[in-house]
Amino acid sequence: MKKPTLTMHAMVLEKYNEELEFRVMSRPTPGKGQVLVKVMASGLNPLDLKVMAGKAAHARVTLPAILGIDGAGIVEEVGEGVTDFKPLDEVYGMMGGIGGHPGTLAEYVVADADLLARKPQNLSMKEAAALPLVFITAWEGLVDRAKVRAGQKVLIHGGSGGVGHIAVQIAKAFGAEVFATGSAKGLSYLATLNAEGIDYTTKTPEEYLKQYTDSEGFDIVFDTIGGETLDNSFKSIRPYHGHVVSALGWGTHSIAPLSFRGATYSGIFTLLPLLTGKGRQHHGKILQEATKLVEAGKIKPLIHPEKFSLVDANRAYRVMESRKSLGKVVVGIRESIL
């Protein structure tokens, strides 16, 4: 007897510059080394907006496409060779949404087992879905590249943003003294993280450099904004031993200020493992570290309080695009967690 075709609901990008369409699709099946995840929540990211506008060639998306890089859910089935996970395990990770891999704005997604980790027990599914991309980006910058450690002075640009608020908490967890730029709206939140907030609209780099480092410079500067902010980062770094990290170093910049200080720079491209297939196991290991820090009470993702279901995904993207939300925007895929 022929096995019936199983289906699922998904939000699909059919054409650029148009809203996602609600569709019924075939449920995917895990292959070797893969896991079928019953998606509970999908974390939205600004990159999705660029993909929808046809302005993210580097994400290598082919239409029609299911977006949603981040997700949290329950293992439904494992493919051949998967031993680290079993059905009913709660997991999270950067699962797809780019590079030809269907994403998490669907009831089910197939993901490479190496990309996943067990969800922190003290986070909801929505909180866990907000974490993977921003935590991995912050960890790669601060820990893998800059080797953050106790006693250092660390400046995070955009400290109340998605990557920024996690970077602040990671640096604090490693014992660093943390400073973070933000607008007036984000400064009160930064205070709850025990970071020294800097209003970038009222203080120049020269002013906060003098106030907080006696004009010597910060040991690490993490840029999450790009453009002029990265240029200012090169001017704010400590001579010889300082390290600048950027998650948005895509423009053309003069490295003279950095070179004159004898300091170093690293760029971060968090999407590489999904795009190339290389380094996926490291993403899973980073999320294992995230789970440890979260369960130790040292990391807490901030999520936007408004509730969105799968069919509300377009509205959720509009809220994120408005930049009026403080916290990550998350879509609840299952009614039980809205």
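Modeller: Happy to! A salt bridge here is a side-chain nitrogen of Lys or Arg within 4 Å of a carboxyl oxygen of Asp or Glu. Between domain 1 and domain 2, the count of such pairs is zero. Please keep in mind that this is a predicted model.

Now for the two parts themselves. The domain assignment gives domain 1 as 7–133 + 277–332, and domain 2 as 146–267. Taken over C-alpha atoms, their centres are 28 Å apart. Where they touch, 12 residues of domain 1 are in contact with nine residues of domain 2. The area buried between the two domains comes to about 890 Å², and carbon and sulfur atoms give 67% of that. On the domain 1 side, Ile-299, Leu-302 and Leu-326 supply 44% of the area buried against domain 2, more than any other three residues.

The helix packing is next. Helix α3 covers residues 132–145 and helix α10 covers residues 280–295. These helices pack at an angle of about 95°, with their axes 10 Å apart. That angle makes α3 roughly perpendicular to α10. From α3, the residues taking part are Pro-132, Phe-135, Ile-136, Trp-139, Glu-140 and Asp-144. They meet His-282, His-283, Ile-286, Leu-287, Glu-289, Ala-290 and Leu-293 in α10.

Definitions and conventions. Residues numbered from 1 in each chain as written. Predicted model: local features only at pLDDT ≥ 70, side-chain atom pairs only at ≥ 80, totals over all residues. Heavy atoms only, no water. Axes fitted to C-alpha atoms, helices over the stretch in contact; angles between N-to-C directions. Helix = DSSP H or I, 4+ residues; strand = E, 2+ residues; numbered from the N terminus. Parallel < 35°, antiparallel > 145°, perpendicular 65-115°, else oblique. Contact = heavy atoms within 4.5 Å. Domains from an automatic or database assignment. Buried area = accessible area lost by both parts, 1.4 Å probe.
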